Amino acid sequence: MSAKVYFSRSITPETVLELVKKAEFDLPGKVAVKVHSGEKGNQNFLTPDFWKPVVEYVNGTVVECNTAYDGARNITERHIELMKEHGWSEYFDVDILDGEGPDLELDIPNGYRIKKNYVGKNIANYDSMLVLSHFKGHPMGGYGGALKQLSIGLASSYGKEFIHGAGDPKNFWTAPGDHFLESMADAAGSVIEYLGGKILYVNVMKNMSVDCDCCAVAEDPCMADIGILVSTDPIAIDQACLDLVYASDDPGKPHLIERIESRNGIHTIEAAAKLGYGSREYELIEL
C-alpha cells in the first residue's frame, strides 16, 4: 500500500506549516519535536527560526540527545549551552532526552542486527512526536533523513555507540557499513513501535551538502535546494527524497549521489521496508 507524501518546491517556514496541516495527522498529548541542534561550527543546519511556526503549531517541546564523539554536544552541559548559542532555547522549551541516565531500553525481538535500542529516558514523558529532518548527505550513512533522526538521532550517547557498532560499542568506527545501516533500521522501528506510530515526518531538501549537520567542518551544499516533504511514513519520505535527487537536472547532484552510493545509503531504506513499518511505494502530492 503506497503512502502519501506531500511536497512543495517552496522552502519557507510557512510552507512547512502548510504541508503539516495538509497531512491532517493528529499528534495527541504532549508532543516531542525532534530536531538536529547542529554541531558547533556547522554552517548548513536548519535554524530554529525556520522551524518556529510548526513547533508552535503543535505546541511541542524541542528534543535532542547527546552525541557519542567529542564535540560541543557529547556532554549534557555543553549541549545545553550550544542549544542556547544556536537559538533553540530562545524560542522553545528544550529537553536533552538522555541528559540524565539511565537510558530507556527498547526491545527489538525481530531486529536484523540489534535486539535492543538505548534511547534517552525522557522520551517516556511524550505521547507523540514531530520529526523534523534536514535531508543531506552523511559521512557513514550516505544520506541523513527521517530514518536517521529516528535511530541515531533519538539514541542516547551510549545508544549511538551501540547502533554504530551494530550491537558492539567497541566497533563504533569499524563495524561493516551495511551492519550499521541495518542497525539504524532496527532502531528506527523500535521508536515507531514505542510511540504507537504517533509520529509525523518533515524532510527539508535544503543546504544539501555531502556532510551531515553533525560535522563541525562540513562541505558547502553541492546542489540546489529542492523542496519540503511531509508524510506519516518515514520510509516513503526518505525514498521520495532520494528519487527527487536522482531526478534532478542539477549539475551538482553527482557529488551527493556518489556519497550516497559509496556508503550504500539505500540499504537503510531496504532494511526498514523488510522490517515492515513503512513502504517504499508512495504517492507524491505536489502543492
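1. First, the ground rules. This is a predicted model, where local features need pLDDT of at least 70 and side-chain atom pairs count only at pLDDT 80 or more, while totals for chains, interfaces and linings use all residues. Residues are numbered from 1 along each chain as its sequence is written, and side-chain values use heavy atoms, with hydrogens and water left out.

2. Helices α1 (residues 13-23) and α2 (residues 48-57) pack with their axes 7 Å apart, at an angle of about 30°. Helices here are DSSP runs (H or I, at least four residues), and axes are lines fitted to C-alpha atoms over the stretch in contact, with angles from 0 to 180 degrees between N-to-C directions. The pair is therefore roughly parallel, as angles under 35 degrees are counted.

3. On the α1 side, P13, V16, L17, V20 and K21 meet D49, F50, W51, P53, V54 and Y57 of α2 (contact means heavy atoms within 4.5 Å). This contact has nine nonpolar, no polar and two charged residues; Asp, Glu, Lys and Arg count as charged, Ala, Val, Leu, Ile, Met, Phe, Trp, Tyr, Cys and Pro as nonpolar, and the others, Gly among them, as polar.

4. The largest pocket holds about 300 Å³ of space. A pocket is an open set of points on a 1 Å grid where a 1.4 Å probe fits, with protein on both sides within 12 Å along at least five of seven lines; lining residues have an atom within 4 Å of a point. The volume is the space filled by probe spheres set on the points. Of its 21 lining residues, Y69, H138, I152, H164 and C214 lie nearest the centre.

5. The second largest pocket has a volume of about 210 Å³, and helix α7 (residues 177-194) gives the most to its lining, with five residues.

Notes: Helix = DSSP H or I, 4+ residues; strand = E, 2+ residues; numbered from the N terminus. Parallel < 35°, antiparallel > 145°, perpendicular 65-115°, else oblique.
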